[in-house]
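Please open the model in your viewer and keep the selection tool at hand. The stops below move from a pocket to a pair of strands and then to some charged side chains.

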Amino acid sequence: MEAEAESRLLLQEAQESIEAARSYRRELEQRLRGLQQAREQIRESATLTRDVLEQHFNDLKGTLKKLLDERLMSLLQEVDAIEQESIKPLDECQKLIEHGVSTADDLLRDGESAVNGDVGQQNEKLCSFTKKALHIQLDSLPEVPSLVDVPCLSAQLDDCLLTILKNQIFRHGTVASRPPVQLEEFVEKPGGILVRWCKVDDDFIPQDYRLQYRKSTASHFEDVYVGSETEFIVLHIDPNVDYQFRVCARGDGRQEWSPWSVPQFGRTTLVPHEWTTGLEGYSLSSRRNIALRNDSQSCGVLYSKAPTYFCGQTLTFRIETVGQPDRRDSLGVCVEQQNGYDSLQRDKAVCISTNGESQSQN
């Protein structure tokens, strides 16, 4: 008997050791998968960062070349305009001088002909030549501008631009190993998810946060919140569907956004709040989450569509009162739906009136 008991004890210890070894192996395999995910995140983010840097600087080079070409073209056009405007009066002066030279040549030929011509006609030719010379005004000469009075074009290029660009370029862009903010917590809400995030870089001073989300089947993220808060309830979430979230921040006094946080998945199993349809005294919105009491004389308790709430859950409702309030106006929770009551002031229910008073019965 002792040998059999010892054998069973040894067998039990062996089985426990085998189960412990299996559990240990599962934990190690899970950690290996975690390491693999971490390695993939590093490599994928590094590849993406390289692509972003190369694309950004290629765009910068293209834009900078375009801007330099446009500036060069503008300066060349300015040179052309100054050149044309400055040459025009010189051309006019040249035409006037050339006309004077031609007139002087004609006068010289006439004078030489009169001096060297026939003696019988010499006096007549000399008289005609003299009259012609008096009309030409040989003492009137056009004014030619001196070199100091005409443009002498040059290009003024400030070398400090290269220094400024070099300093700006060398400081442009940074590579962050971790984003300054990360997602912290997801809290299920009826038809929504409360997303919380936190700052993880002590040196980073955030001014605004930007939260984005998408369905797991979607390809693009959508902005859902931009502001200074560190939590936000994302509504209109389909229950039991995975959604991916990410957040970034903008530093104090800066325009650009920080790198995105590591995307994380969140979901809610709680269906969105809906009021029960068919109660004559209330009109419901298209989503049946807003109830408006109408002018009907019918009165009663409007219940939610299904008993989807549980102890410890926070319920938030907004009540807007228009006109004369009724003493029975209240909002509350109950264990079960009981038709025929016009108030929640009954057993197994607790309610708060519109004036903030809590009312309940055992």
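Helices and strands on this tour are DSSP runs numbered from the N terminus, a helix having at least four residues and a strand at least two. Bear in mind throughout that this is a predicted model.

Begin by selecting helix 1 (2-116) and strand 6 (243-251), each of which supplies at least two residues of the lining of the second largest pocket. Helix 1 gives the largest share of that lining, 15 residues, while the whole lining comprises 44 residues, with Thr-49, Ala-176, Ser-258, Pro-259 and Trp-260 nearest the centre of the pocket. The volume of this pocket is about 1900 Å³, and its lining divides into 20 nonpolar, 13 polar and 11 charged residues. If you colour domain 1 (29-171) and domain 2 (181-268), you will see that the pocket lies between them, because both give residues to its lining.

Next, select strand 1 (residues 181-189) and strand 2 (residues 192-199), which run antiparallel and are joined by 8 bridges. They form a hairpin with 2 residues between them, and Gly-191 in the turn has a positive phi of about 70°.

Now show the side chains of Glu-185 and Arg-196, which meet in a salt bridge at 2.9 Å, N to O. Glu-185 lies in strand 1 and Arg-196 in strand 2, so this pair ties together parts that are 11 residues apart in sequence.

Methods: Residues numbered from 1 in each chain as written. Predicted model: local features only at pLDDT ≥ 70, side-chain atom pairs only at ≥ 80, totals over all residues. Heavy atoms only, no water. 1 Å grid on protein atoms, 1.4 Å probe; cavity = no way out; pocket = protein on both sides within 12 Å on 5 of 7 lines; lining within 4 Å. Points joined across faces, edges and corners; volume = space filled by probe spheres on them. Nonpolar A, V, L, I, M, F, W, Y, C, P; charged D, E, K, R; others polar. Domains from an automatic or database assignment. Pairing = 2+ DSSP bridges. Salt bridge = Lys/Arg side-chain N within 4 Å of Asp/Glu carboxyl O.
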